[in-house]
Amino acid sequence: MTSSKFLSRITFLLCSLSSFSTLAQSPINLKTEYLVNPIGLDNPNPRFIWQMDDKRIDAKQTAYRILVNTDSLALTHGKATQWNTGWLQTSASLKTYAGQLLKPFTKYYWRVDIADKNNIKSTKVKIASFEIGMMNEKNWQGSWISDNQNPAIKPAPYFRKTFETIKKIKSARANIAAAGLYELSLNGEKVGNHRMDPMYTRFDRRNLYVTYDVTNQLKNGKNAIGVLLGNGWYNHQSTAVWDFEKAPWRNRPTFCLDLRITYSDGTIETIKSGKDWKTALSPIIFNSIYTAEHYDARLEQNGWNEVDFDDSKWKRVIYRSAPSDKIVAQALHPIRNIEEINAKSIKKFNDTTYLFDLGRNISGVSKIKLNGPTGTVVRLKHTERLYANGRADMSNIDVHYRPTDDKDPFQTDILILSGKGEQSFMPHFNYKGFQYVEVNLSQPVDLKKEDLVGYFMHSDVPVAGSVKASDPLIDKIYYATNNSYLSNLFGYPTDCPQREKNGWTGDAAIAIETGLYGYDGITIYEKWLADHRDEQQPNGVLPSIIPTDGWGYEWGNGPDWTSTIAIIPWNIYRFYGDTKILKDNYENIRKYVNHIDETYPTGLTSWGLGDWVPVKSVSPVELTSTCYYYADVVILAKTAKILGKTDDYKKYTALALKIKNAFNAKYLNKTTGIYNTGLQTELSVPLFWGIVPEESKALVAENLAKRVEADGMHLDVGLLGTKAILNALSENGYAEIAYKVASKKTFPSWGWWIANGATTLYENWPIDAKSDISMNHIMFGEIGAWLYKAPGGIKPDDNQPGFKNVILQPYFVEGLTSFEATHDGPYGKIVSSWKRTPKGINYKVSIPANSSATVKLAMARGLTITVNGKVMPSGTFDLQAGEYLIELK
């Protein structure tokens, strides 16, 4: 009897127990464009996503229909004036809108009705909504305004305008676009809780605007709007090796605002930016997203953004041209202050010097409160480590800074007190990477531990995964990996939050799976791929950092780094089952591949940085770059097939074979199974990217295992090898060795960092390295994804992506007595949890409704495997949705 037939009997018995339930289960977690009830969308064909709330065995959706209306009440009763898909006989839970033309500034409501496995239709109605914003640049009424044309002016500008509403307000939306950063306020209160809006883009090619619901902040009668502008990446006044101060777009910050008010009588009024606004300089006397912020509290203008403020001494604004002709909605999870962290300790050196320790490394800002004499200068120096004497040590993170004077100290906020009682300060337009804050005062002020807190800032992406191991070291490594991942997510993935803040492509490619297992980050990556499209040259070349002012087209941008153009979309497709990102970037992937093909016609390419920051051994750049080139071409061929581009599929399948043959002809000794000289990177990278001939895989993997054993179960890889090595071992029969490497506590290893107090991942294996020693980098973060894939065993199925079918293939490695991984995929939460027992292993799995799983326990040879008490004929079998106890004895 086949395992599938055997399982069908189990399914029949279990289903019969639940057959008394005659009501279909409800759709839940309705999202539009992967956001919950978003406003300010521009996409004329938004995507609808939902899940099924059905705990029964073999729960599935057999049909659905989507109804869209502008009237939520009518929609509740099943009326759809905008779109009615009709009942579609499919289990899909992702649908792109294809109804009547969506109109700007309009709120739409939608519902999805589903039919369950018994074809019983849901009766509970859940309404979701989305709101279209500007839709088109021509719909803006406001003008781009600023206070000056001189980018050298240091103080940040205030802007204000008052207006009066007489009629009853039904709703109000503030739409604001900016080149630079802004904080928007109404009647003295900040609008929303976002930080660092809008997200960084190539400002002369695309700008983002954000829509806020300000209905409750408006008053009947007089109102005041306030805008505070910061430099951000647009007006980079600090100097570093990347020449951002020379950016072609650089200018004094500017903004455009439309406050659209809908009254109860149906009329609409738009309060807009224009010549009737007034401006003045703020107490922020200097702001740099790269270094810090300086604030002179003596210059505060209390009530500057309130109605009754006297602005008679303020100046008129000036008009400015739009920074680009493409102003689009920022439809992604925003940056926020996510976590407040109290100082763990305070050390007083003298009456004017204190050291606060947060106890962990973060990205973000500190907030201090204190009371001191007027004119007291407070300097807050943020660092990742300390000198032996306990003072703040910045030597590891200021190496790329190129200051022209001493007026802009790195990661050092400067506050000048007003002397008017207790005040607090937190930067508006800057973030840092730090654990320690050294406070230096120009005159004595008594400080307590409670006077300073840190705020962990990052893009507020929903948590989508968890890992829990019996070995505390593994949990600490996972915790540190997530801290580094989030510390480097600010509307685009960065390399580090302190000395660079750059969107290094290679770092992001390495960390993509770690990010997607742990967090629902599709909105960030879709935005970042648009940045790729903005930056790509006509010949297909991409820069190594994205966005960029122009730096990175000449260095660091080979296929080992800028394969993000293929690797990121492909992994989004694998994890979400959504082809949009493949369609959006297909031509860009193709141009990139064609450029390499034309430049390196042999199929081998030496373009790239190679295995960056290796432990000791250096592999040839041509070897690693060609593997990444091959991966790009394979992704392109697969994508062509998915998108129905038959000719391209044939062309790039042939190109992939050409590359594979050329690579193996040069580097593989088929007799010995050794690539090149047999280093860890040289063996693991070809295995991981699938360029090894099928008949040679076992031998190459065996050699890799032997090499790791010869290296004392320690890593001898750099960035590219780190992505590959654990996976190459686990996927080829050596999971035990992979775990021994992952759980090492001696140098070089992730555990070595943890043993030395790390709460984030580092940039270099030696803690005392003389260079490349940021203490908050994500580039060695593949271990986070590996924990899901190997001991956790959760993998997407490329043939049924988006976890429509889940591959469950855990490795019950020695050294762990239990392990649990969970992942919230498009269909719901997947649970893979195992524990050793006196008799064997208990493996609990949960498969969400409307999906399935293929369980692969082939490594459990000689053991009896039962599923919910029923013996399985083999270690590989399929399961439908539901919860199962699998026992191995």
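I began with how α7 and α9 cross, and the crossing is left-handed. A reminder to myself: this is a predicted model.

Next I looked up the geometry of the pair. Helix α7 covers residues 564-576 and helix α9 covers residues 621-642; their axes come within 10 Å and cross at roughly 45°. That angle is why I have α7 down as oblique to α9.

Then I wanted the residues behind the contact. From α7 I noted Ala566, Ile567, Trp570 and Tyr573. Their partners in α9 are Tyr628, Asp632, Ile635, Lys638, Thr639 and Ile642. Sorted by class, this α7 and α9 contact has 7 nonpolar, 1 polar and 2 charged residues.

On to the largest pocket, which holds about 1,100 Å³ of space. I found 33 residues lining this pocket, and the closest to its centre are Arg574, Lys638, Phe688, Glu731 and Asp798.

Which elements give two or more residues to the lining of the largest pocket? My list reads α4 (505-518), α7, α9, α11 (680-688), α13 (719-730) and β36 (794-796).

Last entry, the make-up of the lining: I have 15 nonpolar, 5 polar and 13 charged residues for the largest pocket.

Notes: Residues numbered from 1 in each chain as written. Predicted model: local features only at pLDDT ≥ 70, side-chain atom pairs only at ≥ 80, totals over all residues. Heavy atoms only, no water. Axes fitted to C-alpha atoms, helices over the stretch in contact; angles between N-to-C directions. Helix = DSSP H or I, 4+ residues; strand = E, 2+ residues; numbered from the N terminus. Parallel < 35°, antiparallel > 145°, perpendicular 65-115°, else oblique. Left-handed = near helix turned anticlockwise from the far one by under 90°. Contact = heavy atoms within 4.5 Å. Nonpolar A, V, L, I, M, F, W, Y, C, P; charged D, E, K, R; others polar. 1 Å grid on protein atoms, 1.4 Å probe; cavity = no way out; pocket = protein on both sides within 12 Å on 5 of 7 lines; lining within 4 Å. Points joined across faces, edges and corners; volume = space filled by probe spheres on them.
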